[in-house]
Amino acid sequence: PRSSKRIGQTKMLRTLVQAARTSGALFGPRRSMGMYLVSTPPVTEKLEVVRARLDSYAQYLATALPKWVQATQVTGAGELEVLISPSGVIPVLTFLRDHTTGQFKSLSDLTAVDVPTRKNRFEVVYNLLSVANNTRIRVKTYTDELSPLDSAVPVFNAANWYEREVWDMFGVYFQGHPDLRRILTDYGFEGHPFRKDFPLSGFVEVRYDDEKKHVVVEPLELAQEFRKFELDSPWDQIQAGGTKTPSV
């Protein structure tokens with residue numbers, strides 16, 4: 001009896017779906033979810049709607065914050081990017097967090113990019129998330145080796161360790177940070193590893209000393225001298241006095 005009842009319900013559902021298809025009530029791509037069919041708009045229409053909404057919000061930001069917003073763009077993947085002046089970190093982030101149209105209350109990430117050829121070589125990036133609007137925004141600003149940026153910790157507590165990481169890896173100083181110290185490298189580490197001019201081998205090496213019974217830090221010593229390789233055979237040594245391996 002139970003199986004016959006389920007068959008009857010399935011037939012009734014098929015009849016209703018067929019009638020809806022005939023009348024044009026269902027349209028667009030459909031995906032099956034158990035016994036139901038869910039209608040979804042095409043992906044291209046979704047992206048166009050999102051881009052239009054982000055373009056409108058970008059224009060609104062440029063109008064509302066003309067002192068700090070310098071440029072806006074919507075990427076091909078439908079992501080809004082806002083370039084602000086270094087002095088606008090606190091007011092812009094506060095506006096995005098508290099304003100009704102934004103509600104970007106979550107700082108999901110904070111990082112930096114080093115471009116040595118630029119006058120302001122460091123680009124600091126704030127990735128914000130609005131759970132209420134299901135939207136992300138990327139705020140970018142810039143600085144150099146000597147100019148500090150205002151810390152975002154008063155606006156987002158999550159910026160605490162993010163800014164410590166950027167300071168440790170890139171050397172960007174955040175003014176007003178409650179505890180700005182290294183977070184990934186060891187105590188007494190010299191330099192900032194993510195800078196493009198930082199040598200890949202580093203300056204020091206760490207090893208365990210059997211006599212002292214603890215880890216020691218010593219100046220870097222390469223056991224093998226630098227070798228220059230040919231593209232055809234990377235094992236051909238071409239420096240003076242080297243042994244050239246015959247090609248196979």
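1. Tyr57, Tyr60, Phe95 and Phe104 make up one aromatic cluster in this predicted model. Eight aromatic pairs are found in the structure.

2. Phe122 and Phe170 form an edge-to-face pair, because their ring planes stand at 80°, with the centres 6.4 Å apart; the cut-off for edge-to-face is over 60 degrees. Phe122 belongs to strand 6 and Phe170 to helix 4, so this pair ties together parts that are 48 residues apart in sequence. Both Phe122 and Phe170 are buried.

3. Helix 4 covers residues 159-170, and its twelve residues should span 16 Å at 1.5 Å a residue; the end C-alpha atoms lie 16 Å apart, which agrees. Just after helix 4 comes Gly171, with a positive phi of about 85°.

4. Which residues of helix 4 are buried? They are Ala159, Glu163, Arg164, Val166, Asp168, Met169 and Phe170. The buried residues of helix 4 pack against strand 5 (106-114), strand 6 (122-130), strand 8 (149-150) and strand 9 (174-175).

5. Strand 10 (204-209) and strand 11 (214-219) are the elements that give two or more residues to the patch. Strand 10 gives the most, with three residues.

Technical notes: Residues are numbered from 1 along each chain as its sequence is written. This is a predicted model: local features need pLDDT of at least 70, side-chain atom pairs count only at pLDDT 80 or more; totals for chains, interfaces and linings use all residues. Side-chain values use heavy atoms; hydrogens and water are left out. Helices (H or I, at least four residues) and strands (E, at least two) are DSSP runs, numbered from the N terminus. The expected span of a helix is 1.5 Å times one less than its number of residues. Buried means under 20% relative accessible area, exposed over 50%, partly exposed in between (1.4 Å probe, protein chains only). Contact means heavy atoms within 4.5 Å. Rings of Phe, Tyr and Trp (its six-membered ring) pair if their centres lie within 6.5 Å; planes under 30 degrees apart count as stacked, over 60 as edge-to-face and the rest as tilted.
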